[in-house]
Structures are given as structure tokens and as C-alpha cells.
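This report considers a helix pair, a single helix and a chain interface in turn. The sequence and structure are shown first.

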Amino acid sequence: MLQENDPTVSRSATGTGKAGGQPGGADAASARPSGPLTGAEAGGTTAATAVTGRQSRFQKLFRSEQTLFLLFILPNLVLFTTFSFWPLFFNVYLSLTSWNFLTPTRDFIGLDNYRYLFGNNEFWTVMRTTLIYTIGAVGGAVSLGLLSALLLNQKLKFRTPVRAMIFAPTLLSGVAISIVWFYIFDPRVGLLREMLGWIGVGSPPWLRDPQWALVSVIIVYVWKNLGFAAVIYLAGLQGIPKDLYEAAKVDGANAFQRFFAVTWPQLGSIHFFVMVTSILGTLQSFDIIRTLTAGGPVNATTNLIYYTYQQSFINNNAGRGASAAMVLFAVMLAVTVIQYRISERRTHYA
Amino acid sequence: MPSRNPLAAARTGYRAWADRQRHLGIAASAPTGPSASPAGDDISHPKPSLLSRLPFDRLLGYALMLILTAVMIVPLYWMVSGAFKEYAEIRAIPPVWIPQAWQNPFGPDALGFGNFVEAWNAAPFGRFYINTIIITLAGTSGELINGCLCAYAFAFLRFPFKTVIFVIILMALMIPGEVTTLPNYISIGSTLRSITSNLLGVEVSGINTYWGIFLPAVSTAYGTFLIRQAFLGLPREVLEAARLEGAGHLRLLWDMVIPMARPVLITYALISAVAHWNAYLWPLVVTRTQEMRPLTVGISYLFDTEGNTNYGVVMAATCFVVLPLILVFIWAQKFIIDGIASGATKG
């Protein structure tokens, strides 16, 4: 069917229609000069078709821009459809069924799974844990990241290696990092017990106490991820025009005033990016919790993603797992939509 | 880089562009580079201000930097040193800071690799490495190929409703892998099994296979977006010149576009490789046997069994996972950090 797609016709149609829509008008500008060229090529191959038959017909097909476009995007598109878009719909369906992975058929039970979730104290505890974990982890990582960035923005020696140093843990396996911290948290032989001992404080029961366990996983998340916020804030700080500081200084602003009058507002979009990325990252935070606490003790560190995993793959309750996953998806979508709305408003008023 | 390219006009164009880039590069990096530091210093810390007149501030800065470094490095030191501690040293109170094995570097068991040997024998780490490497290579190259092809199509080829298709691909960014874990597990497991047994008479399943682990992670919306941005920033004149000389699209992509966008591609490849190396949830769910587990899943099972009884061995196993990444990071930190920072500030 694509053979009939005369390149000359399709080009003129798309050339006028789509050119303006592309970001960067250069797209259109460059597309046109190459147009006649493709035409010449196509003409050449058509003439040659008579001689070399099959091969040149294949070449013509292949040279046609639209065929090539399809060939280029096909693998990605097929994979996305199979492993992202379709599963989302499939997940919606699964959340309306009851299935233990073994029976040949899934029972359609309507909204029962959702009724179970929302009418269940356990689920609300999970939501509360997720909220506390997100606030603690995002707040910690973002504020410490900003402070580190402010420090590393000073003209101090060794700041580049220190920047690398604090960024390194973001790249390391969450499982490995959590195992190391499990050792550090050990209430008998752990490093933290020793260090708290230096200042005369006894070691809290860390992972054995429900409340301390939540603090522990937050500490590990913050330690692992503050470097990400720091690196991005640092890039943002270096992009603030120096003359703004100069002007503020001429007006007699001290360091704190300069921070709140210049630095903070100038970081506007960066704050936003860091916050949203971190919130989405915390909501997907599975490896730390699975390794350090396995959601315990007594579900105290079970966040939404761990709950989803638990329902699906430990309790083998596909329907409930799927419905919890839908709640997770809804929360993440809400964060993304709010981000989009706010950033849109920003650009309007800017 | 396009030295094999016989297209003289394009090559000259490329050189001119590269020169200009170099100029721009110098100009662009000037505010942070050493060349401009006197000027920058003047503005941010003018001589009469307290900030630079008193060494106190500078000392405070260094002290804070030291604390920050200590907080970040001590846990990693604890991991490496723990891997060299003997059982008695692990259980010692107060804890041992420098393992016995390091204190006498020329002693009989100077190296103290006992924990590493024990860890290596406690679980098939050789196999875990092979699995992780296969998954990382397949996943990263898949993402790169998909990203480059897709980005080229969206940046340079014309197609009706191209923007709409692009937005559809970007929508995949909103569907995190955590949400699709369960349906994907069912799709490549029981669904695929029943489809293939009905159609072909053989049962095919992705559970506990390499392709089952990496295939769902091979498509890339983020990569398409990032690489497309890089491609759109390339000099049009050069590519046009090459087109006029009769270069086909594949040739253009391979000989011109990819070499010119190399920094972005390297950064993206590194970030993608790190993600595949560390992947946990999906491999945990989809692997069934010890022989198919990657390092992350392997150590988590080792940790579940050895747990808090034998930290030395567990720390050694942790080193197996972490050290290759630390080495890669030391080698490529500039690419990774700059790539992430510029992605955020430009995007």
C-alpha cells in the first residue's frame, strides 16, 4: 500500500501542512530545499525500476520519507503499546476482577476492590505512610540539596569533587545502599549507635520500632537523593545573572536579603522541577523499603508502591494489586497535571 | 568524525560548525570557568564585603564542606571496610574503624578477601554478573537505537500528524513502570502462554527469560525527547549540504547526526545503563530461578538469608554491585552530572 504513496504528492501535502507546527522553524526551512532532491531520487529509481526490478522498487519504498518515518518509530511505538498503553487499560480491567493467578478465569466483581480499599483502615494507613514518607523524603532531600548547592556555589576549592561525591549515591543501587544502611542502623554493632554515643545519646531502635522505621527509610532516601537536588540547584544558581546580585548590593541588601530577594525567586522553575521530580521519585520508591523493612514493622513503612507489590505478588491478589496500582497512577497523574497547570500559568504571567 | 564521509562540502560545513561550537563552548562556559573567575568573584564577593575580607567565612565554608563530604562518604567507607572485617571485628563494640586486614599490609592475610570469597561462593555471583551485564547491554543499546531512530524521524522526517504521534509517545512518560508491573507480568506470562499454545501449539512465556526482563524497558519516551532536542540543535546547513550531495537518511543519521550529537548520546547511554544496572522491581517479579537473577535481586536474596548475622559477607556482596558503578562514575562523572544538570535547566 505504501508503494502507491507517491513521494511528490505526499511531500507537498505535508510540507505545507506540518511545517509550521514544528518547534524551531528551521525544520520547515530545511525540509523544502531537500524536497526536490527526494523527487529527483524518486524519479531516478522509477526509471531504473524497469531495469533492476525488485531491488529498486524496494529502494524506492525505502527512500520514501514516510515509509522511513514509520520504520523508525515503529519499534518504539509497538513496545510502548505493548508494555505501557495496553497494560494501563488491562490494569483497569484487572482492578475490576478477582483473581489469584491460578484459576483459569477471572471473576468480574465491579468496583468491589476499590470499595475494599477505601473502606479499609489498612489502606488509609498506607496512604498516610505514603504522605509522611513523601513529605519527609522530598522535604529533606530538596532542602538539604539546596543548602549543599548554595555551599558549593561559593568559590571554594575542591567543590567539583565534593559535588561529584554527593551526587554519587543517586546512581548506586537502592538495594545495595539499603543493605549498607541496615548495617549502620544495627542497634548493637551499628555505626550510628557509636556516633550517637559520642554525643551521649542512646541509639533509637531504628528499624524495629514502627515510627523510627519510617524515620530510617526517610533518612536513607534523603541521603541517597539529596545529590540530585543539589546538582540541579547548582546549575540553576550558576544561571542567575550576576548583575542582579550587584544591583541588590547597591541597594544595601545583606546576604539573607539577597537570598530571599534574588536567589529564591530566580530559582522559580528549578524549585518546581526539583519538587515534582522528587515527589514522583518518592512515590516510586520501592527498593529501599523492600530491603530495609519489607514494609514493616506492622506495616509501618508500607507505602503505596510497596502495598501494590504486596497485594499482587505476596498475597497473590491480582485484583486488589491492580486497584492499588490505579490509585498510585491517579496520584502520580494528579501531581503531573498540577505541575503542568502551574507551569502553564507561570509562563502566562512571566 | 565524519572522516569516512566523502562529501567534501558537508565536511567543510561540519568543520566550520565544530569551530563555532568550540567558540560558543568557551564563551558559554566562561562564567563558571577559571578565565572569568576574577570578574565573577568581584561581583559575588566584592572586596569590601565581610564575606571575603574575613577568612572566617571561608573557613566555615570548608568546615561545612567537610561535614557534607563525611556524611556522604562514611556510609560508603563503612561498606568497603565492613567487607574486609572478620566476624569478630563486625561484632566488636565499639566498632572497628580500620579492619585488622588493612593495619598490617604486609602480614600473612594482608588482603583479607575472605568475605569476598565467601560471598562469591554463597550465591552464584558470576552468573548474577553475566545476567546484569546482558540486561544492561540489551536494555541500553535498545533504548539508544530506539531513541536515535525515533528522534531522527521526529526531528527531520515529514509525516502527517507528526506532532500528534510525538505527543502520544510522550504520554508514555506518564505511565510509570511500577503501575504496569502487574499487567506486564500477566501479559508476558499467562496471556502469552495461552495465545501461543492456541496459535502455535507451543507455550512461550517471558517469565524467567532475558527478553522478559529487558524487553519492557527497551522503549524510551524520555530518550526520544532528549535526543530529538539534541538533533534539532544541530546545524541545518551542514545536514542540508549533505542531503544535496545525495546522502540518504540512514547515511545522514549514521555519518553526520549521530557523531555530531555524541555528547548527548553518551550522557543518555550512561544514565540508561545505570538505570538498567540498578533495576529491581521488575527483575524481582519476573525471575524465578537463581540462575536468571541480576545482581540487585541476587544480593537482596542473599541479604534475606544471611541478613544481620553475617555483615562482612553481605558487605562484600554489596561491593560487587556498587563498585562497578563507582568506577564508571569516576570515569564519566562530568558527562553524567552535566547532562543531568543541563537537561533540567534547559527543559
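## Helix packing and chain contacts

In this predicted model, helix H11 (residues 242-250) of chain A packs against helix H12 (residues 255-266) of chain A at an angle of about 160°, and their axes are 10 Å apart. Since angles over 145 degrees count as roughly antiparallel, H11(A) and H12(A) are therefore roughly antiparallel to each other. The crossing in which H11(A) passes H12(A) is right-handed. On the H11(A) side, the contact is made by Leu244(A), Tyr245(A) and Ala248(A), while H12(A) contributes Arg258(A), Ala261(A), Val262(A) and Gln266(A).

In chain B, helix H7 (residues 114-122) has Asn115(B), Phe116(B) and Ala119(B) as its buried residues. These residues lie on the same side of H7(B), because they cover an arc of only 100° around the axis. The exposed residues Val117(B) and Asn121(B) are carried by the face of H7(B) turned away from its buried side.

Between the chains, 86 residues of chain B are in contact with 89 residues of chain A. Helix H18 (residues 311-346) of chain B gives the most to the side of chain B that touches chain A, with 16 residues.

| H11(A) with H12(A) | five residues | one residue | one residue |

Terms used:
Residues numbered from 1 in each chain as written. Chains lettered and ligands numbered in written order. Predicted model: local features only at pLDDT ≥ 70, side-chain atom pairs only at ≥ 80, totals over all residues. Contact = placed C-beta atoms within 7 Å. Helix = DSSP H or I, 4+ residues; strand = E, 2+ residues; numbered from the N terminus. Axes fitted to C-alpha atoms, helices over the stretch in contact; angles between N-to-C directions. Parallel < 35°, antiparallel > 145°, perpendicular 65-115°, else oblique. Left-handed = near helix turned anticlockwise from the far one by under 90°. Nonpolar A, V, L, I, M, F, W, Y, C, P; charged D, E, K, R; others polar. Buried ≥ 20, exposed ≤ 12 C-beta atoms within 10 Å, placed from the backbone. Arc of directions from axis to C-beta.
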